[in-house]
Amino acid sequence: MDLIWNLCLLQYILQRCRQYIIFVYKIIMSVKVQICRRLKDLTRDDLEKLTKTELVEKVIQLQSYNRQLKNILHKKLNESDNGDVIKLTESGELSKDSGTEGIEGIETMPTTEPNQEKSSSRKFDFSKTFKRHVLLKFLYFGWDYQGFACQEDSNNTIEFHLFKALTRTCLIESRSSANYHRCGRTDKKVSAFCQVISIDLRSKFPEKQQFEESCLEKEIDYCGIMNRVLPKNIRCISWMPIRNHLFSARFDCITRTYRYFFPKGNLNITAMQDACKLLQRHTDFRNLCKMDVHNGVTNYVRHIEAANVRLCPHENESKNKGYAMHYLEIKANAFLWHQIRCIMTVLLLIGQEKEEPSVINELLNVEKNPCKPQYTPAMGFPLNLYHCEFRDKSEQKAMSESQQGRRDLRDLTKWLHNENNLRRLIEILQSEWSQAQIKATMVRSTLYDLEQLLEKEFNAIDVNFQTSLLQDNVKSKSYQKLMSRKRCESLNNRIEHFVKKQRLTVPKQKDSVEEQELSMP
């Protein structure tokens, strides 16, 4: 009897569920679904054809979209903030209120009431201070950062932390008024052992006294106070007073040297060195970079002064075999986007004896090969900006009246260091080295035991795959030669594409060359 009752109850429940599903389905079908499609960018001609009502709707839509972007940007900028209050103004610019306790030259206003819990900080008055133009030299490891230059959707950049430190220590009032230029713009995960910026900083002394030895000794310890608020993997090494206020770390830099570190593995170092000799020329490197046409880069001629593969100091190649560290050192006036990483990819293929060194000549012959073969740039984390050289006198001739007496002097002076800062920097780097070396030694010890076991049990030859990490691509069963691979779109076709889309205006040849000489990797 109970079984029959349960079956009847189950049948009733299923029937009610069926009726409910049909009811919900009818409601859904009665609702009109609207799909939001992304509107294409309208040209001026298209906008002139729109009615007044359509233009008003378009403006309202853009205002709503702009408001959403501001909210997203405001949220992201405050996610990784360390106590500083970051505000987004109505014009979309960023403003920041930072704590300035313990920073040289910062005064605080006393409390207005004795029982008041918090004292309000008085805004620093830059009109009562002096300024001087300097070069600042920085060291940073970019493995955990999204690149050097500031980005709209991320605080995780080197430049963000630099300006956060500069404003927090009241060395500058704002970026726009600081006469700021950077020597190199490194990409995501790329490091720098010698990144240089030119900037106007607060000074204790008027301009006429700034180059006196006594004043230089008593000047603000720029590196010291910045290192107190910078992350440990971003350090200011030294600073240099500059006589010409228009001297630029970007435009007055004559050469930049990069190094790319890698283990020997199974590479033929001699073949790689032969290939490097073919790179030393003034020519078009469009097939050895990532073309950036959509940002207006149409000139890919660069001059590589020197390129070579060397064994790292304190390395023993005969003892370490495939674990001996080498580096590619390449020196040029300027670099293209991902140029060194693309060059390294081709050198690795040559070192693995999959390509001949003569493939460099084929890639640099853009008349014969106007389209770049498809290949992936090498990983970015082993790359670093190693050294920069500057001209003695800036090409910017304009000077203030107070600088007329120094017209015949060099703009550059000398790098000023502080012993305590250098000791502290060495201490931090030694700690970083110890941590990394302990991990590397533990892995190396395990590898040694496994390699001995492989040789004993299977009489196997050396296994050297140390460089496979650097080639971020899918391994194929059979290797396909570079010059027989599918080709990317040619430079001329890309230029025509963006011109038709009205996203690119091709300048005159002379202006184009001058502009592209300043491009960075």
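Modeller: Let us begin with a charge over a ring: the term applies if NZ of Lys or CZ of Arg is within 6 Å of the ring centre and within 35 degrees of the ring normal. The charged end of Lys 372 sits over the ring of Tyr 375, at 4.8 Å from its centre. Arg 132 likewise lies over the face of Phe 211, and there the distance to the ring centre is 5.7 Å. Please bear in mind throughout that this is a predicted model.

Colleague: What is the mean pLDDT of the protein chain, and which elements have the lowest and the highest values?

Modeller: The chain has a mean pLDDT of 81, with 78% of its residues at 70 or more. The pLDDT is below 50 over residues 82-94, a stretch that has 33 contacts in the model beyond near neighbours in sequence. It is also below 50 over residues 509-520, where 26 such contacts are found.

Colleague: How many helices and strands are there, and what share of the residues is buried?

Modeller: The protein chain has 13 helices and 11 strands. Buried residues account for 38% of its 521 residues. Of the contacts with a separation of 6 or more, 75% are between residues 24 or more positions apart. The accessible surface is about 32800 Å², and carbon and sulfur atoms contribute 52% of that.

Colleague: What makes the pair of Phe 141 and Phe 193 edge-to-face?

Modeller: The whole structure contains 10 aromatic pairs. In this one the ring centres are 6.2 Å apart and the planes stand at 70°, so the pair is edge-to-face. The reasoning rests on two cut-offs: centres within 6.5 Å make a pair, and planes over 60 degrees apart make it edge-to-face. Phe 141 lies in the loop between strand E3 (130-140) and helix H4 (158-168), whereas Phe 193 belongs to strand E5 (residues 191-203), so the pair ties together parts that are 52 residues apart in sequence.

Colleague: What of the rings of Phe 193 and Tyr 386?

Modeller: Their centres are 6.2 Å apart and their planes are at 65°, so this pair too is edge-to-face. It links distant parts of the chain, since Phe 193 is in strand E5 and Tyr 386 in strand E11 (residues 383-390), 193 residues apart. Tyr 386 has a relative accessible area of 32% and is therefore partly exposed. Phe 141, Trp 143, Phe 193 and Tyr 386 form one aromatic cluster.

Colleague: How do you know that E3 and E5 are largely enclosed?

Modeller: In E3, 9 of the 11 residues are buried, so the rest of the structure largely encloses this strand.

Colleague: Which strands pair with E3, and in what sense?

Modeller: Two strands are said to pair if at least two bridges are found between them. E3 and E5 run antiparallel and are joined by 10 bridges. Within this pairing, Phe 138 has Gln 195 as its bridge partner, and Phe 130 has Ser 203. E3 is also antiparallel to E6, over 7 bridges, with Leu 139 opposite Arg 235.

Colleague: What makes E4 and E11 partners of E5?

Modeller: Strand E4 (residues 181-182) is joined to E5 by 2 bridges, in the antiparallel sense; His 181 has Ser 198 as its bridge partner. E5 and E11 have 2 bridges and pair in the parallel sense, and here Ser 191 is the bridge partner of Asn 384.

Colleague: Finally, why is Leu 279 called buried, and which residues is it in contact with?

Modeller: Leu 279 is found in helix H7 (residues 269-279). Its relative accessibility is 0%, so it counts as buried. Beyond its neighbours within four places in sequence, Leu 279 is in contact with Phe 285, Leu 288, Ile 304, Ile 343 and Ile 360. The C-alpha atoms of Leu 279 and Asn 361 are separated by 8.3 Å, although these residues are 82 apart along the chain.

Conventions:
Residues numbered from 1 in each chain as written. Predicted model: local features only at pLDDT ≥ 70, side-chain atom pairs only at ≥ 80, totals over all residues. Heavy atoms only, no water. Helix = DSSP H or I, 4+ residues; strand = E, 2+ residues; numbered from the N terminus. Buried < 20%, exposed > 50% of the residue type's maximum accessible area, 1.4 Å probe, protein only. Contact = heavy atoms within 4.5 Å. Areas by Shrake-Rupley, 256 points an atom, 1.4 Å probe, with all protein chains shown as cover. Phe/Tyr/Trp six-rings, centres within 6.5 Å; stacked < 30°, edge-to-face > 60°. pLDDT = per-residue confidence, 0-100.
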